[in-house]
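Dear colleague,

I am handing over the structure we spoke about, and it is placed just below. Could you look through it alongside the notes that come after it?

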2 protein chains.
Amino acid sequence: MLGLMQNFPLTVSMILRRMHSQYPNKTVTTLRRDIYHQATYAQTVARANRLAGAIKLAGFRQGDCVSTLMWNSQEHLEAYLAVPAMGGILHTINARLSEAAIQVMLGETLPRLILVDETLAPVLRKTTLPASVQAVVVAGLHKDAQQLDPAVEGIPWLDYETFMASGGPEFNWPELDENEACGICYTSGTTGKMKGVVYSHRSTVLHAMSMLFADGIALSEHDTCMTVVPMYHAHGWGFPYASCLAGAGQAFSVRQSDPKTLAALIEYAGVTLATAVPTVWINLLEKLRSGEIKPDTLASLKSLPVGGAAVSADLLNGLLEYGIKVRHCWGMTETSPLGLVSTRRSWLNDTQWAEMSMRQGLPQIGCEVRVITDKGTLAPEDGKSTGELQIRGPWIADAYFDPDSESRRGGENCFDVDSQGRRWLKTGDIANISPDGYVKIVDRSKDLIKSGGEWISSLDLESAMAEHPAVHEVAVIGIPDPVWQERPLAFVSLVDNWDQPQPDFAAFLEARFPRWQIPERFVILKELPKGATGKLNKARLRQITNSA
Amino acid sequence: MLGLMQNFPLTVSMILRRMHSQYPNKTVTTLRRDIYHQATYAQTVARANRLAGAIKLAGFRQGDCVSTLMWNSQEHLEAYLAVPAMGGILHTINARLSEAAIQVMLGETLPRLILVDETLAPVLRKTTLPASVQAVVVAGLHKDAQQLDPAVEGIPWLDYETFMASGGPEFNWPELDENEACGICYTSGTTGKMKGVVYSHRSTVLHAMSMLFADGIALSEHDTCMTVVPMYHAHGWGFPYASCLAGAGQAFSVRQSDPKTLAALIEYAGVTLATAVPTVWINLLEKLRSGEIKPDTLASLKSLPVGGAAVSADLLNGLLEYGIKVRHCWGMTETSPLGLVSTRRSWLNDTQWAEMSMRQGLPQIGCEVRVITDKGTLAPEDGKSTGELQIRGPWIADAYFDPDSESRRGGENCFDVDSQGRRWLKTGDIANISPDGYVKIVDRSKDLIKSGGEWISSLDLESAMAEHPAVHEVAVIGIPDPVWQERPLAFVSLVDNWDQPQPDFAAFLEARFPRWQIPERFVILKELPKGATGKLNKARLRQITNSA
């Protein structure tokens, strides 16, 4: 027998309705070109209404994709709300990718419309757009710059404010199935090839709810949340949606993440909670210590949920001296992204907690984790036994987007099925679990480097380098970096008959990679170290680097 | 296109798994006959495994109902976990109902098994059980009392511990559809006739999650929750499930709710949060003020989410002096039950909050409310305009259980449908909403009296009284009571030719109502006041009472 409870779908429209009815006076602050723009939640919802109306007028049909190539801003938040609530799929494009990569993604998602930030319009102009695109809408333009170029290749380029104003003040949000797709986000998280993760309304709302739990992020209407992590990364780690649901105020700095800009925004908007990769806070702590930023300006800031990389004890304790609590989190695009959050178990004493707080955290309520050893067995939770971290839950990916498959489901080898038929995401992270349930990520099984919170594929760099006529063998590894956490370092052995000067490998890579992905250093070795099977031994290269 | 996220059902089994993997050392304390019994969550889960195994051996099939006639205890918690997780429907019987009422319910739910507390076994013995019942299992027996009567009418009566031990240590919990029924609870909340509300796994888990939100009950692993409200009332207001999900410790006092027993349990178990109707706390505050209970014994107690009736400013401020925060909540069996929770909006000053904290609260995140006036229009949220409170959300009832209908859906007149086709539960409560969203219940549209958190139907009392040969007309109203909040008071006019002494109406009613439902006073009037249409004017009777 089925229950007799309301069929009340968990959708983004539900968040929109709550903003409107419960938190109309809460504020979104966007700092763009030194000007603070503010809008209430009531205004934000009204603008989302108009945006949806305009998108519909532009030829949108339910189920269509709308892509954004945007930083963090009022306009991006409006797209977050309007596109899913009207039955569309929001495709947030990583602005740090190359035009070639963007072109591949657009060819897969075939958006009806693209919303682009003024600063990213030049990138998009260099990209060949698929025929599906009806218009490009540019956000953040100065008034005096609202004269846009005429249509490029037949596609009109429109100003966001003008476009939005063409929609009516009311939009009749459809009642959607909560299992419908609401967003797609590409990741290079588990292999070098980009893969799309397709979020549902249900997964998005449940994930947002999980960020309100007292034992966790504990986002509240009393908070003002500054999302610094780009909103193109896994829904800005879920903070914009969770803030809307909780009624927290929000603050955005568009593309800026330098300490002085953030400090000014924190002070202006009264930010209580902010989220970014450790690099951002390392820079901020430095300025606090040097006196360039006065601690008073950060008086409202209490909580920093940090992900993307492990946090050092120095950063954690350093910020605590200023009354700012750093909280470890862990996740991936595939996990919406919060899978682990560090909170204190009631039974830990101060020493135990100091140790446990350096781990990535406990599974979010709703998620389940396990560690599978090399031998395929379940690792005991003893704080030592390591293996691959696997995770399941209502906001964990079940498949990757495969536009060529009828079922749209791909990437089956990235998932595991247990004896009870339950599916687990293979995270590619090597971890152990303490007896108290704290997960520690100790290594990555995948060949990736994480620099400033962004993935760099060593495999991709190696393949490209291998095409250079001077290269005999090449290996790229990640090395620790005080600011970016990791940077790529390339080891090369040259072909025997290379008689010219050492090639400029960086220049060679520039045509194919964004600058930030290119190694600063290329170390020439006579021969690269090999394992017993003749395979390149990267562990040995890491040893060489550490002892140097 | 559908999302590509895991199909991870929200079921009670998910709560069970989390207790096992994340909180094995948390404790459940049951105070029974002056002895503190304790079990860890690991032991509780192990016992739930055995209980499920034993229930299956007793002939249970998926979808079957298992009824409980129990107070708050370890055993009842085990039934809460095992029965739904194994695919059964847990029917919690209100122990304060008459045998006749219990018999009606059992005839509708047709349980395979009945679990009964030792103190309630005599009640059940007087009840004719339906043929579906395979066994009655008695919990809480003294060792020396484990010799039970042989089978009554062919149904064996078994000892809970012995029965449970017959199940194996492992149970293979099935993967369930989250929309399956997991519980049924009868209410007389909206009319005199009892109606079953059928919870789903999904509604139960989402409701439990909502109790973890920072802006709300904010239940945490750091809490120990004492559920005093009977677990037969709307899942004990959701606290047992939410505690299991959050990993909070739990404390139960079986049927005791006197201040001294509760104070002792609070001290023993370190209770931080407790929940009961105001009557319980009125009594506790009295003992605190008289010095019979030392404030030190309640040092751990911080939070009292209170529902079932409005809390007076005296109670709220009185307990605050001892560091105990009372929080208004509102709900019904039909709302799982938490629909409104009082939390402070960030923008309220102390004076505003003092006023707003006397209201029932804000809609839980996930719920939506509206007030519909007599004219069928939407009342403005001005803190004055009143009408019937309506509510919708993922844990709000969509229909009442109708065993005679093929769809099992009944009570359609208790629901409203808006212009967008969305369904709303008509609560029967008269309310207004403040501009900040705080709902105030000002009256009941239904003819019911709430005494010590339990409903008494004035209609039922009047019908029974009318059968007495001396009665010409009768009206029963609720009058304020310092301890029980409300008590019934009967007004009677006698038939003209009644020449005997005033009848003992209380004795007359005793055959049909439990003692606590029977009025203490029967006032004889020459004639009952009428309205213009000749209808009994209860408002006039209330005025008479107030001015007396």
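The notes below take up a sheet in each chain, then some ring contacts, and then one arginine.

This is a predicted model, in which local features need pLDDT of at least 70 and side-chain atom pairs count only at pLDDT 80 or more, while totals for chains, interfaces and linings use all residues. Residues are numbered from 1 along each chain as its sequence is written, chains are lettered from A and ligands numbered from 1 in the order in which they are written, and side-chain values use heavy atoms, with hydrogens and water left out.

I begin with chain B, where an open sheet of three strands runs in the order β26-β27-β28 with mixed pairing; strands here are DSSP runs of E with at least two residues, helices are runs of H or I with at least four, and both are numbered from the N terminus, while two strands pair if DSSP finds at least two bridges between them. Because β26 (471-481) and β28 (521-524) of chain B each have a single partner strand, they stand at the edges, and one side of each is left without a neighbour in the sheet. The twist averages 25° from one strand to the next, with axes taken as lines fitted to C-alpha atoms (for helices over the stretch in contact) and angles running from 0 to 180 degrees between N-to-C directions. Helix α14 (residues 458-466) of chain B packs on this sheet and touches β26, β27 and β28 of chain B, where contact means heavy atoms within 4.5 Å; the direction of the helix makes about 150° with that of β26(B).

Within the sheet, β26(B) and β27(B) (residues 485-494) pair in the antiparallel sense over ten bridges, and they form a hairpin with three residues between them. In this pairing B:D481 stands opposite B:Q485, and B:I479 stands opposite B:R487.

Turning to the rings, a search of the whole structure finds 15 aromatic pairs over all chains, counted when the centres of Phe, Tyr or Trp rings (for Trp, the six-membered ring) lie within 6.5 Å, with planes under 30 degrees apart called stacked, over 60 edge-to-face and the rest tilted. One of these pairs, A:Y36 and A:Y268, is stacked because the ring centres are 3.7 Å apart and the planes are at 5°. A:Y36 lies in strand β2 (residues 35-40) of chain A and A:Y268 in helix α10 (residues 259-269) of chain A, 232 residues apart.

Lastly, A:R423 is found in strand β22 (residues 423-433) of chain A and, at 18% relative accessibility, counts as buried. Its side chain is joined to that of A:E412 by a polar contact of 2.9 Å (a pair of N or O atoms within 3.5 Å; within protein, one must be able to donate a hydrogen and the other to accept it, and residues adjacent in sequence count only if both atoms are side-chain atoms). Leaving aside neighbours within four places in sequence, the residues in contact with A:R423 include A:R392, A:D398 and, from the other chain, B:Q6.

Definitions and conventions. Buried means under 20% relative accessible area, exposed over 50%, partly exposed in between (1.4 Å probe, protein chains only).
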